[in-house]
Amino acid sequence: MSQAETQSKLYLPSDAVVASAHVSGMDAYHALCKEAETDYEGFWARQARELLSWKTPFTTVLDESNAPFFKWFEDGTLNASYNCLDRNIERGLGDKTAIIFEADGGEVTKVTYSELLAKTCQYANALKSLGVTKGDRVVIYISMSIDGVAAMQACARIGATHSVVFGGFSAQSLRDRIEDTGAVAVITADHQVRGGKPLALKGIVDEALGLGGCDAVKNVLVVKRTGSPINMVEGRDLWLADLAASQPTTCEPEWVGAEHPLFLLYTSGSTGKPKGVQHSTGGYLLHAALTTQWTFDLKADDVFWCTADIGWVTGHTYITYGPLALGGTEIVFEGVPTYPDAGRFWKMIQDHKVSIFYTAPTAIRSLIKAAEANDAVHPKSYDLSSLRLLGSVGEPINPAAWEWYYKNVGGSRCPIVDTFWQTETGGHMITPLPGATPMVPGSCTLPFPGIQAAIVDETGKDVPNGQGGILVVKRPWPSMIRTIWGDNERFVKSYYPADFQGKYYLAGDGAIRDAETGYFTITGRIDDVLNVSGHRMGTMEIESALVSCTELVAEAAVVGRPDETTGEAVCAFVVLKRPAPTGDEAKAIAKQLRDHVGKEIGPIAKPKDIRFGDNLPKTRSGKIMRRLLRSIAKGETITQDTSTLENPAILDQLGQAY
């Protein structure tokens, strides 16, 4: 479907949805945008006062004196855990279900706000008993669980800065993050369970700490998930439940300044070293709550389910903080969408009466395939009548998948909020609002009120609608990245480059606005970062992992190619320290290299395609021509100018898959 065809297909929210929405109708949307345009600081100050509870009210809103190191609500103090837990209990919600946890095997556990506060306080007191204090960093490498949410809330409660590492990352990746944060403690589980299989977590922590560089870690706190035997290091390792059991169920919140780092979350960059994105407490929590209220239109009786892992920013904002800050009831899910069968999501929606469902296009595309092959796991075989809102996150959703999602999951009645945002932005930036925005399949539509998104050329000049360019945000907003942990210079270079006079936030994505509607469509990354199933990975990071297989690999180049399931697939071009293999030998070496990348970074980084060549296409000055590799990976006929290549014949060799 062409962009013109896509943009002409509008889906209007129903009258009933409009009537009950927090933002009701496009006039209300435009009024909010106008308020922000007229009085930018006043707009955000009003939201912050209405949505958050402050120990010390702020008197300054935005400090731009040291741009681009912007500060919001700097002289105010608050506590994120208090805002998510105590405040709801004070409002009479203590007995309301906060979390419904469904484990990989289908077992269900529920906790109320009072029970979640008690667990959080015991975990907070356990950390304090070990000497963890305000400003310390704690790495969390844990299975999806109530314990994971409580551990994050516990860190926030005592003013410690948490850094959650996705349980699919390798020991080396975990070690790098522990070292970079200078963490004093690690919270983990004995195992995680996915698809019926226990996967070691504590063992990977042991391996990571054994690699060196993590001397600041004094304790490893372990949650018992499976109970299978694990190694416990005397004097360092403790069972979290045992330590917490003797602790009080109350813990006075540590009131911190609004700019206090709530968490660090590592995201891939175009260079090899992952970036520790630093988020504040006040501005981040405000946007988490506000987007949950406006984008998801969360109401008191909703059951909200974000399927993301807490190891990603989506799980931070729309599991641990946003829904809880509004007193919502949410699902926390352990497992995979296809176990015990591909009807898992639909059965959970049916069983738990989910009303708001937020997942990734990759999951939708994989479930379309399964549903079309087997009626038993098709959404039509389940009662999904509780749904009133659908969401999409992680990457652009293609129009065909959007249409299927809308018709088969939403029953052609549920608005779809196709959300664009990033780890660095903290929350939604461009998204439909369900009671206001006419939807277009494949378009994230219009900026969230208060977000001044624009499309510019390479010099920072605005381009007209209908012409593609570079996505930027022209003004700072409360939940924006504050810096890259320990590397202010890299922060400025990455997000406020001199090409844009250091004024605009560079999102790193290309985009285009429809000539008629002004709707945004994201066209892909403009740097060497791949988006595989919504997970961002730097090509340099994967190339470094391949080349670290020193006995085999001389050189490697990694690019992305479109993939109908994962959105983008990793394609590696490899030069070995011996002639290029063919046939079964090539397959065996490719498997060895995939496994090596999985061990170095994690399974999500494994190349889908590996092609071997005697060398790589390079200019006479030695620069690898990645644009040609992208064409080869896509199976395209190369029409670009190759006259600057030192070795044009290599293109034919690399064009042949093993």
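This note goes through local features of a predicted model, point by point.

1. Helix H5 and serine 81. Serine 81 belongs to helix H5, which spans residues 80-93. With a relative accessible area of 0%, serine 81 is buried. Its side chain has a polar partner: the side chain of arginine 157 is in polar contact with that of serine 81 at 2.9 Å.

2. Packing of H5 on H12. Two packed helices are described by the angle between their axes and the distance between the axes. For H5 and helix H12 (residues 313-325) the angle is about 35° and the axes are 9 Å apart. The crossing of the two helices, H5 and H12, is left-handed. On the H5 side the contact is made by Ala80, Asn83, Cys84, Arg87, Asn88 and Arg91, and on the H12 side by Thr320, Tyr321, Leu324 and Ala325. Sorted by class, the residues in this contact of H5 with H12 are 5 nonpolar, 3 polar and 2 charged.

3. Cis peptide bonds. Most residues other than glycine have a negative phi, and most peptide bonds are trans. The bond from alanine 67 to proline 68 is cis, with omega near 5°. Proline 68 sits in the loop between strand E1 (62-63) and strand E2 (71-72). The bond from tyrosine 339 to proline 340 is also cis, with omega near 5°. Proline 340 is placed in the loop that runs between strand E17 (329-333) and helix H13 (344-352).

4. Positive phi outside glycine. Lysine 353 is not a glycine, yet has a positive phi of about 55°. This lysine 353 is found in the loop between H13 and strand E18 (356-359), and counts as exposed because its relative accessibility is 52%, the cut-off for exposed being over 50%. Threonine 445, likewise a residue other than glycine, has a positive phi near 70°. The loop that holds threonine 445 lies between strand E20 (416-418) and strand E21 (453-456). Is threonine 445 buried or exposed? Threonine 445 is buried, since its relative accessible area is 0%.

5. Salt bridges across the chain. Side chains of opposite charge can pair when their charged atoms come close. The whole structure has 32 salt bridges. One of them joins glutamate 403 to lysine 9, with the closest N and O atoms 3.1 Å apart. This pair links distant parts of the chain, 394 residues apart: glutamate 403 is in helix H15 (residues 399-409), and lysine 9 is in the loop between helix H1 (3-7) and helix H2 (15-20). Glutamate 403 is buried because its relative accessible area, 18%, falls under the 20% cut-off. Lysine 9, at 36% relative accessibility, counts as partly exposed.

6. Arginine 626 and glutamate 543 form a side-chain salt bridge, 2.8 Å from N to O. The two residues are 83 apart and link distant parts of the chain, arginine 626 in helix H19 (residues 626-634) and glutamate 543 in helix H17 (residues 539-547). Arginine 626 and glutamate 543 are both buried.

7. An α-helix has 3.6 residues a turn, so residues three or four places apart point the same way. In helix H13, lysine 347 and aspartate 351 are 4 residues apart, about one turn of the helix. Their side chains meet in a salt bridge of 2.7 Å, N to O. Lysine 347 is partly exposed, with a relative accessible area of 44%, and aspartate 351 is partly exposed at 39%. Elsewhere, Lys202, Asp206, Arg236 and Asp237 are linked in a network of salt bridges.

8. How many of the 11 residues of H15 are buried? The number is 8, and H15 is mostly covered. The buried residues are Ala401, Trp402, Glu403, Trp404, Tyr405, Tyr406, Asn408 and Val409. The elements they pack against are H13, E18, helix H14 (361-373), strand E19 (389-392) and E20. Just after H15 comes glycine 411, with a positive phi of about 60°.

Notes: Residues numbered from 1 in each chain as written. Predicted model: local features only at pLDDT ≥ 70, side-chain atom pairs only at ≥ 80, totals over all residues. Heavy atoms only, no water. Buried < 20%, exposed > 50% of the residue type's maximum accessible area, 1.4 Å probe, protein only. Polar contact = N/O pair within 3.5 Å; in protein donor to acceptor, adjacent residues only side chain to side chain. Salt bridge = Lys/Arg side-chain N within 4 Å of Asp/Glu carboxyl O. Axes fitted to C-alpha atoms, helices over the stretch in contact; angles between N-to-C directions. Left-handed = near helix turned anticlockwise from the far one by under 90°. Contact = heavy atoms within 4.5 Å. Nonpolar A, V, L, I, M, F, W, Y, C, P; charged D, E, K, R; others polar.
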